[in-house]
Amino acid sequence: MNNVYYGKLIFELTKEGRKGYSLPKNEIENYGIEALPAALTRGEAPALPEVDELTVVRHYTNMSNNNFGVDTGFYALGSCTMKYNPKINEEIAAHPFFSGLHPLQDVSTVQGALEVYYKLQQSLAELAGMKEFTLNPYAGAHGELTGLMIMRSYHMSRGDEKRTKVIVPDSAHGTNPASAAVCGLDVVVVKSRPDGTVDVDDLRPLLDDTIAGMMMTNPNTLGIFEHSIAEIAKLVHDCGGLMYYDGANLNPMLGKVRPGDIGFDIMHINLHKTFSTPHGGGGPGSGPVGVREGLEQFLPAPRVLRHEIDDDTYHYSVEACDESLGSISGFLGNFAVMMRAYTYILTLGRENVKIVGPLATLNANYVKERLKDVFELPIGGVCKHEFVFDGLKDKSTGVTTLDVAKRLLDYGFHAPTIYFPLLFHEALMIEPTENESKETLDAFIDVMHKIAQEAKDDPELVKTAPHCTPVRRLDDTQAALKPIVTYKELLEA
Amino acid sequence: MNYKFFPHTDEDIRTMLDACGERTLDDLYKDVPEQLVLKRDYELPEAMSEVEIRHYFDELGSYNVPLACFVGAGCYDHYSPSVVSSIIQRSEFLTSYTPYQAEISQGTLQYIFEYQSMMAALTGMEVSNASMYDGCTATAEAMMMAVANAKKRNKVLVSATVNPAVRRVVDTYAKFHGVEIVTIAEEGGVTSRADFEQKIAAGDVAGVIVAAPNYYGILEDYTGWADLCHDNKALFIMNCVASALGVIKTPAEWGADVAVGDGQSFGIPMNFGGPYVGFLCTSKKLIRKMPGRIVGATIDADGKRTFVLTLQAREQHIRREKATSNICSNESLMALYVTIYMSLMGKQGLREVNELGYAGAHYLADKLVETGQFRMAYPDKPFLNEFVLETDLDIDQLQAWCLDDGMQAGLKLAGNRLLLCVTEMRSKVEIDALVESVNDFINSQK
């Protein structure tokens with residue numbers, strides 16, 4: 001990223017008569033599209049750009065220079081697990097013998113692709129302590145929704161229709177309650193204790209025969225391991241509910257703890273977090289959902305099943321099973337994302353995957369310990385992959401968490417997650433992944449100390465940051481009051 | 001512990017543990033109850049080098065067979081300009097996060113603004129969101145939008161001519177969201193007008209979902225449908241094939257309230273089912289009921305024109321269970337894909353793509369009917385580049401025969417019918433080869 005802003009729109013580069021494509025000549029005569037009834041065709045062609053190829057290439061290349069990515073620099077972004085996206089993943093995902101497959105072509109011609117699906121599914125099951133995964137969900141929130149559908153299908157299959165509530169901690173990701181609402185469930189919030197973990201005494205009275213289950217992430221969004229998890233799972237199970245694991249924070253568990261071993265029945269994994277697939281500026285992701293034994297019949301359709309004929313011979317089939325909750329995707333999910341995640345697992349291997357969690361946890365604790373002199377650490381003790389500060393220790397300067405975040409951009413670091421979780425007013429959430437070197441972390445720590453000092457010496461400098469980015473602080477109030485969301489509206493404004 | 005993705009030396013780890021006041025990496029997990037800790041290695045293969053990884057996937061790939069594809073049905077084999085795959089691999093786009101930090105995300109924000117502008121131009125609608133997962137979930141989101149808009153109504157009508165893959169996803173979302181889905185019957189390959197009129201007249205319908213082109217490739221006539229929907233306070237929702245919108249009457253021209261569909265037909269590799277990109281466009285009036293992210297134009301502190309995520313008060317990270325949808329990650333990079341595609345192709349390119357598909361499909365249909373073994377299932381209905389044939393031949397055997405010749409001969413539908421598709425990717429030579437293969441099969445049956 002440089003700090004020279006390229007702000008043109010493609011529509012401003014257009015000139016009538018230019019073109020940026022070449023197509024094969026039409027070798028088939030006498031079949032003109034003009035034969036379509038005029039009443040069924042569009043009145044005028046869409047107002048799309050008319051530009052030559054080099055103009056398009058320069059335009060998007062210059063735009064990319066306004067962007068920050070993992071390949072540009074360090075993301076201190078809590079709950080997002082911005083780890084390195086290995087290049088070999090990209091190479092394998094583009095393999096022409098996979099990328100050219102139509103999802104409906106004959107099953108005998110896609111056995112290699114189905115093996116990738118099946119083996120990734122089984123690898124995730126082993127890593128998470130689950131029986132089987134579906135890889136069909138497209139993203140983490142889609143996985144949550146799918147998992148809650150499984151939860152409801154389980155209760156409905158038992159004729160237990162009155163279980164319409166799901167318990168969600170007040171520290172949960174916003175997608176948890178939103179997914180519950182889409183799934184037709186009512187949300188019941190359980191409070192956190194002062195140490196950030198679920199308050200078991202607050203949970204107990206909420207448990208009755210209307211509870212479908214409970215959603216939790218562990219470690220939670222404060223990076224704290226829920227040490228009462230076994231007790232919580234027992235309480236929920238005893239009242240007939242199921243435990244759902246939000247896998248957004250799975251990274252520190254690798255090598256140490258499997259959700260399936262600590263009482264969870266259903267879970268999702270964000271392949272774009274824990275399994276190194278790129279975030280792509282907000283997708284495509286992939287949100288596989290795993291279930292313990294006894295729930296696999298409810299997984300969404302279609303499922304990929306393996307049939308062993310003898311020791312060396314097997315084949316895969318794509319099936320819609322009777323008790324399935326139904327389909328949640330057009331086909332088998334974001335297959336090219338699965339190719340990347342499977343490549344990552346094979347690249348790490350069993351000897352390396354098990355130290356991902358401990359190394360990520362070491363990095364988080366190191367940054368936390370080195371910064372707690374100037375930032376307010378509301379909850380001490382060892383954290384897992386991430387931790388939360390409640391703003392600067394010295395609140396007298398008037399410098400807020402937002403200001404600190406924006407000033408970090410000036411120093412070439414991506415801001416932490418801010419104002420989440422909602423438990424603290426000035427929350428600033430930091431997650432350095434296992435891929436970051438001590439030198440990178442030390443540089444970040446130095447900058448954070450420098451900003452704390454600037455807040456004392458020259459608070460205005462921090463409050464008006466950023467100063468060195470391609471653009472300055474944006475007026476988002478005006479954007480929301482009078483939304484301008486297309487080029488046409490921009491011309492009219 | 002030395003490994004290419006882990007930069008720490010043993011010395012680094014010691015120093016860092018010291019700073020934390022801990023002695024070993026295991027000590028960092030002292031808060032985890034001992035009985036919950038995994039005490040064995042994972043049952044996974046050992047690490048592979050890049051050389052081994054490449055061999056492994058080459059070997060697995062040999063169990064796949066790339067085919068000349070004459071099937072569409074929701075996924076289309078279209079030309080993808082070399083520029084697109086090259087640009088979307090730029091790591092500034094590929095490895096970036098959701099553009100919450102607008103000052104260092106103008107690249108992403110600006111292409112989403114361009115995407116929204118192009119999708120609005122393509123559908124004729126006023127606004128577009130920043131993308132959905134795929135065309136199926138986009139349609140399900142539109143269904144929920146209709147129900148939220150109607151407040152006390154929970155019935156949505158879906159035409160029987162909507163792609164069954166879309167219908168399955170809509171049904172699933174409806175079942176759990178408490179929406180009643182009622183089918184509008186099909187009549188001769190199109191949605192029954194009489195059945196629609198009767199069902200909408202009940203006055204309890206929140207939305208109506210139809211397709212353009214429909215599952216059989218047919219362009220239906222929806223004259224007056226939007227008015228009937230609006231008279232009965234229902235939203236008119238159209239599921240469209242993105243590429244076809246280059247030539248077919250737009251959802252806006254039909255009077256639709258919401259246009260949804262999949263953008264895959266804009267050259268996105270078929271990739272065995274994903275990632276693709278769902279689109280959802282609507283009117284300005286309904287923008288605050290729209291699911292997903294939206295980018296708006298604004299200015300920065302220096303007065304420069306800039307772009308930012310806006311109307312976030314609809315979204316899950318602000319509104320939690322009261323949000324318009326649970327969607328968070330969408331398909332941003334694939335939105336960039338179709339934005340670059342549309343920039344290169346422009347209106348003329350989109351038209352040519354449709355001309356080529358139209359010519360190829362109509363030519364193939366005539367050639368297959370000429371064999372005497374096929375009849376057009378809906379002979380009087382206009383189609384674009386997909387069509388349905390009826391036959392007395394054994395379709396499974398026919399497809400197996402063509403498979404041996406390296407071709408996927410359409411998709412078998414109920415009633416011994418065959419759904420075929422031709423895009424600009426199928427040359428006349430390939431189409432003739434399919435006809436020849438079919439003729440060989442017919443002769444083998446004699």
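Two strands are taken to pair if DSSP finds at least two bridges between them; the strands themselves (E, at least two residues) and the helices (H or I, at least four) are DSSP runs, numbered from the N terminus. The structure is a predicted model, in which local features need pLDDT of at least 70 and side-chain atom pairs count only at pLDDT 80 or more, while totals for chains, interfaces and linings use all residues. Residues are numbered from 1 along each chain as its sequence is written, and chains are lettered from A in the order in which they are written.

In chain A, an open sheet of three strands has the order 10-12-11, with antiparallel pairing. Strand 10 (387–390) and strand 11 (417–418) of chain A stand at its edges with a single partner strand each, so one side of each lacks a neighbour in the sheet. Strand 11 of chain A is joined by two bridges to strand 12 (residues 427–430) of chain A, and there T417(A) has M429(A) of strand 12 as its bridge partner.

Helix 8 (residues 229–238) of chain A has I229(A), I232(A), A233(A) and V236(A) buried, a residue being buried if 20 or more other C-beta atoms, placed from the backbone, lie within 10 Å of its own, exposed if 12 or fewer, and partly exposed in between. Viewed down the axis of helix 8 of chain A, the buried residues fall within an arc of 95°, so they line one face of the helix; the arc is that of the directions from the helix axis to the C-beta atoms. The cover over these residues includes helix 7 (200–203), strand 4 (211–216) and strand 5 (242–247) of chain A, where contact requires C-beta atoms, placed from the backbone, within 7 Å. Just after helix 8 of chain A, G240(A) adopts a positive phi of about 95°.

In chain B, strand 10 (residues 278–282) has five of its five residues buried, so it is largely enclosed by the rest of the structure. From this strand of chain B, G278(B), L280(B) and T282(B) point one way, and F279(B) and C281(B) the other. In a regular strand the side chains alternate between the two faces of the sheet. Strand 10 of chain B pairs in the antiparallel sense with strand 9 (residues 258–262) of chain B over five bridges, with V260(B) partnered by L280(B). Strand 2 (residues 127–128) of chain B also pairs with strand 10 of chain B in the antiparallel sense, over two bridges, and S128(B) stands opposite C281(B).

Elsewhere in chain B, R314(B) lies in the loop between strand 12 (305–310) and helix 11 (316–319). R314(B) counts as buried because it has 21 C-beta neighbours inside 10 Å. Leaving aside neighbours within four places in sequence, R314(B) is in contact with R288(B), R319(B), A323(B) and T324(B).

Finally, the two chains can be taken together. Their contact takes 168 residues from chain B and 173 residues from chain A. On the chain B side, helix 12 (residues 332–370) of chain B gives the largest share, 23 residues. The largest nonpolar core has 311 residues, and those with the most contacts inside it are I150(A), M143(B) and I237(B). Such a core is a set of buried Ala, Val, Leu, Ile, Met, Phe, Trp, Tyr and Cys residues joined through C-beta atoms within 7 Å. Helix 12 of chain B also supplies the largest share of this core, 21 residues.

Conventions:
Contact = placed C-beta atoms within 7 Å.
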